[in-house]
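Here is a friendly briefing on one protein chain, meant to be read with the model open beside it. Please take a look at the sequence and the coordinates before going on.

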Amino acid sequence: MTDQFGNNVHFINGFRCKGAVTCNEDGSYDIFIRADLSHEEKVRVYLHELSHIMNDDFSKTDVQSVEYEAHKRDKGGGLEDLSTHVD
Ligand SMILES: [Zn+2]
């Protein structure tokens, strides 16, 4: 599916982390969300991955500090294990 921002959203069975986002060469983004999460958790993961796009995190090189800032923005926090997050 495609969200209202034109991002491609994929629900993946057996995904090892809750969510991930990749930047494509054409400037579009793919958001991956584990399919077996609850609806509420899918929404939280989606919003978290969206925050990476909105904050232009792909232009930054320090992944650990990017994740730290991203999770500080998340009210609930702790959506992903930093070591398994795939950006
Ligand atoms: Zn993240």
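Residues are numbered from 1 along each chain as its sequence is written. The protein chain holds 2 helices and 3 strands, and along the sequence they follow the pattern β-β-β-α-α. Helices (H or I, at least four residues) and strands (E, at least two) are DSSP runs, numbered from the N terminus.

**Confidence**

- The mean pLDDT (the predictor's confidence in each residue, from 0 to 100) of the protein chain is 82, and 85% of its residues reach 70 or more.
- Among the elements, strand β1 (residues 8–12) has the highest mean pLDDT, 95, while helix α2 (residues 63–73) has the lowest, 80.
- Over residues 76–85 pLDDT stays under 50, and the model has 22 contacts beyond four places in sequence for them; a contact means that two C-beta atoms, placed from the backbone, lie within 7 Å.
- Where pLDDT is low, the predicted coordinates should not be read in detail.

**Strand pairing**

- Strands β1 and β3 (residues 29–34) run parallel and are joined by 5 bridges; two strands pair if DSSP finds at least two bridges between them.

**Burial and core**

- Of the 87 residues in the protein chain, 20% are buried; buried means that 20 or more other C-beta atoms lie within 10 Å of the residue's own, exposed means 12 or fewer, and partly exposed is in between, with C-beta atoms placed from the backbone.
- The largest nonpolar core has 7 residues: Ala-20, Val-21, Tyr-29, Ile-31, Phe-32, Ile-33 and Val-45.
- Strands β2 and β3 are the elements that give two or more residues to this core, and β3 gives the most, with 4 residues.
- A nonpolar core here is a set of buried Ala, Val, Leu, Ile, Met, Phe, Trp, Tyr and Cys residues joined through C-beta atoms within 7 Å.
- Among contacts between residues at least 6 apart in sequence, 40% join residues at least 24 apart.

- Thr-22 lies in strand β2 and stands opposite Asp-30 in β3.
- Leaving aside residues up to four places away in sequence, Thr-22 touches Tyr-29 and Asp-30.
- Thr-22 counts as partly exposed because 14 other C-beta atoms lie within 10 Å.
- From Thr-22 to Phe-32, 10 residues apart in sequence, the C-alpha to C-alpha distance is 8.4 Å.
- Asp-56 sits in the loop between α1 (39–54) and α2, and has a positive phi of about 60° although it is not a glycine.
- Asp-56 has 9 C-beta neighbours inside 10 Å, so it counts as exposed.
- Asp-74 belongs to the segment after α2, and its C-alpha atom is separated by 8.7 Å from that of Leu-47, 27 residues apart along the chain.
- Asp-74 is partly exposed because it has 15 other C-beta atoms within 10 Å.

Methods. Predicted model: local features only at pLDDT ≥ 70, side-chain atom pairs only at ≥ 80, totals over all residues.
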